[in-house]
Amino acid sequence: MACVMEALKQRALQFLQQAEFAKERGFHELALFDVEQCAQLYMKYLLYKKAGDFPKTHYLRDLAERLVAVYGGACGIAEFARRWSETMALLEYAYIASRYTPLRARAEDVDRAFAFINELIEIAQCLETST
């Protein structure tokens, strides 16, 4: 169990590094894809850590709802999920569209995605230490 948990977290952080690399080079679509992967895996890590399993979904908003159900309002996760719902929808779209359609992302989309993921990681660190 611990091995799977840690693998999810480490892979999430690797996707974040790839997102930073893509952002630096102006690869906006790939940066969004990598941020989405980071968020998806980090959320699944948090769910696995607390509940012993995670939903087999790729929808960030569904994962965020499940986090709220599992953690309640701890560390501001409920407010975070509500406030960033639109950005999570953009990242869900980027997850699919960046590979199969001519998605054209903008630098401000990437900036918003990075603000989202940085706050998610702050909340995740709070949840890790408080539960």
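Let's start with the secondary structure: the protein chain comes to six helices and zero strands, where helices are DSSP runs of H or I with at least four residues, strands are runs of E with at least two, and the numbering goes from the N terminus. Read along the sequence, that gives the pattern α-α-α-α-α-α.

A word on the ground rules. This is a predicted model, where local features need pLDDT of at least 70 and side-chain atom pairs count only at pLDDT 80 or more, while totals for chains, interfaces and linings use all residues. Residues are numbered from 1 along each chain as its sequence is written, and side-chain values use heavy atoms, with hydrogens and water left out.

Now the overall shape. For 131 residues, a compact globule would have a radius of gyration near 14 Å, and the protein chain agrees, with 14 Å; that radius is taken over C-alpha atoms, and the globule rule is 2.2 Å times the number of residues to the power 0.38. Along the principal axes, the C-alpha atoms fill a box of roughly 40 × 30 × 25 Å. Of the 131 residues, 46% count as buried, which is to say under 20% relative accessible area, with exposed being over 50% and partly exposed in between (1.4 Å probe, protein chains only). As for contacts, meaning heavy atoms within 4.5 Å, take those between residues at least 6 apart in sequence: 67% of them join residues at least 24 apart.

Let me walk you along helix α2, which spans residues 28–51. A31 sits in this helix, and A31 counts as buried because its relative accessibility is 0%. Not counting residues up to four places away in sequence, A31 touches A19, A22, K23 and V110. From A31 to L46 there are 15 residues in sequence and 22 Å in space, C-alpha to C-alpha. Also in helix α2 is Q40. Is Q40 buried or exposed? Q40 counts as buried, at 4% relative accessibility. Leaving aside neighbours within four places in sequence, Q40 is in contact with T57, H58, L60, L63 and Y95.

On to the aromatics. A pair of rings is described by the distance of the centres and the angle of the planes. Rings of Phe, Tyr and Trp (its six-membered ring) pair if their centres lie within 6.5 Å, with planes under 30 degrees apart counted as stacked, over 60 as edge-to-face and the rest as tilted. A search of the whole structure finds six such pairs. One of them is F80 with W84: the centres are 6.4 Å apart and the planes at 45 degrees, so this pair is tilted. Both F80 and W84 are buried. What about W84 and F116? Their centres are 5.8 Å apart and their planes at 65 degrees, so that pair is edge-to-face. W84 lies in the loop between α4 (77–83) and α5 (85–100), and F116 in helix α6 (residues 107–130), so the pair ties together parts that are 32 residues apart in sequence. F116 is buried, as is W84, and F80, W84 and F116 form one aromatic cluster.

K23 lies over the face of F114, 4.7 Å from the ring centre, and K56 lies over the face of F54, at 4.3 Å.

Last stop, the cysteines. How many disulfides do we have? The count comes to one, a disulfide being a pair of cysteine sulfur atoms within 2.5 Å. The partners are C75 and C126, with their sulfur atoms 2.0 Å apart. About the S-S bond the angle is -75 degrees, and the link is left-handed. The pair links distant parts of the chain, with C75 in the loop between α3 and α4 and C126 in helix α6, 51 residues apart. C126 counts as partly exposed at 30% relative accessibility, and C75 counts as partly exposed at 25%. C75 has a phi near 60 degrees, a positive value in a residue other than glycine. For context, most residues other than glycine have a negative phi.

Note on methods
A charge sits over a ring if NZ of Lys or CZ of Arg is within 6 Å of the ring centre and within 35 degrees of the ring normal.
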